[in-house]
Amino acid sequence: MFKVDFAFGIALYLGSVLCIISIFWMFGEKETKVLAGPNEKKEFIWQCEICTYTYVDSKNFSISRCPRCGSYNERK
Ligand SMILES: [Zn+2]
């Protein structure tokens, strides 16, 4: 009787440890995805210094031209 309970206890212990590890792993992966998402998009968002128009330009990284007033904006 004791042996069966002991084996069951070990199985339960290992199962719970694996569950906790997988839960932490899933949460960790979610956090990195959430952190990577907005940062990637922010790099493409520009705000014109002349007319304060906000637009998305994913092609240019250092200098971008405002589609509304045509002035050039430098990445700060
Ligand atoms: Zn502008």
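## Exercises on a predicted model

R68 is exposed, because 12 other C-beta atoms lie within 10 Å; a residue counts as exposed at 12 or fewer such atoms, as buried at 20 or more, and as partly exposed in between, with C-beta atoms placed from the backbone. The model is predicted: local features need pLDDT of at least 70, side-chain atom pairs count only at pLDDT 80 or more, and totals for chains, interfaces and linings use all residues. Residues are numbered from 1 along each chain as its sequence is written.

**Exercise 1.** State how many helices and strands the protein chain has, and in which pattern they follow along the sequence.

Solution. Step 1: the protein chain has one helix and four strands. Helices (H or I, at least four residues) and strands (E, at least two) are DSSP runs, numbered from the N terminus. Step 2: along the sequence the pattern reads α-β-β-β-β. Step 3: of the 76 residues of the protein chain, 3% count as buried.

**Exercise 2.** Find the place of R68 and the residues that R68 touches.

Solution. Step 1: R68 sits in the loop between β3 (63-65) and β4 (72-74). Step 2: leaving out residues up to four places away in sequence, R68 touches C48, C51 and Y53. Contact requires that the two C-beta atoms, placed from the backbone, lie within 7 Å. Step 3: R68 and T54 are 14 residues apart in sequence, and their C-alpha atoms are 9.5 Å apart in space.

**Exercise 3.** Describe the phi of T52 and decide whether T52 is buried or exposed.

Solution. Step 1: T52 belongs to the loop between β1 (45-47) and β2 (54-56). Step 2: T52 is not a glycine, yet its phi is positive, about 55 degrees. Most residues other than glycine have a negative phi. Step 3: T52 is exposed, because 10 other C-beta atoms lie within 10 Å.

**Exercise 4.** Place R75 in the chain and name its contacts beyond four places in sequence.

Solution. Step 1: R75 lies in the segment after β4. Step 2: R75 has 10 C-beta neighbours inside 10 Å and therefore counts as exposed. Step 3: R75 is in contact with F61 and S62, apart from neighbours within four places in sequence.
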